[in-house]
Amino acid sequence: MDLLVRNAKIVTSSETFESNIGVENGRISSLSPNLQASGAAVFDARGKIVIPGGIDAHTHMELPVMTTSSADDFYHGTVAAACGGITTIVDFVDSQPGQTMLDALADYRRRADEKVVTDYGLHMMFKGQNLPEIDRIPEVVEKGVPSFKVYTAYKKRGLMLDDPDISRVMRKVAAVGGLVAVHAESESIIQDLIRQNLSAGNTSAIFHARSRPAEAEAEAISRVTRLADRARAELYIVHLSSRAGLDEVEAARARGTRVFAETCPHYLVLTDQALEGEDGRNFVMSPALKKREDCEALWEGLRQGGAIETVGSDHCPFTRAEKDWGKDDFTRIPNGVPGTEVIVPLLYSEGVRKGRITIFDMVRVTSEAPARRFGLGPSKGKIAIGADADFVVIDPAKRVRLTADVLHTRIDYSIYDHVTTQGYPVLTVSRGEIVMEDGVFAGKRGRGRFIPRETSGKRSRETG
Ligand code: URP
Ligand code: ZN
């Protein structure tokens, strides 16, 4: 045995049980109250809870945006993830001009393999430049990347596809049993409001939010779910931010659309008021932060399960200096905020402790559901004999104020520095190796592995 966790109170999505956890060769080898250490490293988890390692299926490490890249590369971003109890990320491949999807995938694999400290999978961003190679979607799926993200907004950045092209992508992806991820916001509503705001001299950060109201999200979700019905595609709405958007996801599911949504920690905890402050630029991401009632609707959606299945971070931080590019024009602020390190602490402290969700809901949305939905295979997302030894120990008594010096993302501020969590990860184990202990990163650069993912078609054939 390599590692023994004693006195663990293990929580799954449906039960709690007390056990010791034995780890050997990166896997859970035994779950029993009577295990002997026999030379293994020992961690005593008395008084703490142990849950499966978090799966953050939405990150953007070293993503090129404007003339810079998001501040965390695959090393620093996965260090932050590991320090927050995340053991697997799924990032988005963004092909650059002149690169095919397969070139871009190879490039991402090369850069990530050398740096990642957690395991990782990849989604493919499908942009206008990828349309001539739409028939190569099956080859990308064959490489273990069965999900393709399309955008209904960001025309100027070359990300947006028109509806007929979105339908084509949906049909191609559906034909191979893949998943279509959608950044759903109405470009028409947003551009109209941006024009009105800029011409009225409304240039500060809050007008980013006022140009991206909940209706922009709802309109796009209503449209893409209808396109998905026609294409018989399975849809994943990334970063759901509003009650109106959630209503559209629920309405589509009631019609029979195969659609589920992800929300992010910032939409659960922060509101658009944050954009009114002096440092409002640091809170700019898209979709924009909404109202308190939207936060509560998203928590309720998580509690109910179904429409909102997962929490991903959309981790995409920029430095204060980069955010300042937009001090006189909100359209010049690079969009994105950090988040991978705070998923587990915030869901525990703001969700479980405050009674918005149960600990079982938390395990479901942070590990079990994403492992299943994103085809990460039978070894991920659970604490069970034979599964990868990916787990996190949370100390329910540990209070941590989420200041910049505590968090590991490479930016010089924290958007959560007014939040003190009660309950915090104190040990993260990834494939049997301790990668964080007591807030200190303890893993090695490049130790993480690429996880080729399966399509839902393959999963359902295997499960009968
Ligand atoms: O504001 C967001 N969501 N930023 C993430 C990166 C992007 O451009 O989608
Ligand atoms: Zn994103």
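Start by selecting ligand 1 and S286 in this predicted model: a polar backbone atom of S286 sits 2.7 Å from an oxygen atom of the ligand. One of its backbone N or O atoms is 3.1 Å from a nitrogen atom of ligand 1. Now click on G336, where a backbone N or O atom lies 3.5 Å from an oxygen atom of the ligand.

How much of ligand 1 does the protein cover? Taken on its own, ligand 1 has 270 Å² of accessible area, and the protein covers 99% of that.

Keep R157 selected, and move on to the largest pocket. R157 is among the residues closest to the centre of this pocket, together with M66, Y154, K156 and T331. The pocket holds about 710 Å³ of space, and 28 residues line it. Colour the lining by class too, and you will see 13 nonpolar, eight polar and seven charged residues.

Which helix gives the most to this lining? Select residues 187-199 to see α5, which contributes five residues. For your last stop, pick β7, at residues 64-65. This strand also supplies at least two residues of the pocket lining.

Notes:
Residues numbered from 1 in each chain as written. Chains lettered and ligands numbered in written order. Predicted model: local features only at pLDDT ≥ 70, side-chain atom pairs only at ≥ 80, totals over all residues. Heavy atoms only, no water. 1 Å grid on protein atoms, 1.4 Å probe; cavity = no way out; pocket = protein on both sides within 12 Å on 5 of 7 lines; lining within 4 Å. Points joined across faces, edges and corners; volume = space filled by probe spheres on them. Helix = DSSP H or I, 4+ residues; strand = E, 2+ residues; numbered from the N terminus. Nonpolar A, V, L, I, M, F, W, Y, C, P; charged D, E, K, R; others polar. Polar contact = N/O pair within 3.5 Å; in protein donor to acceptor, adjacent residues only side chain to side chain. Areas by Shrake-Rupley, 256 points an atom, 1.4 Å probe, with all protein chains shown as cover.
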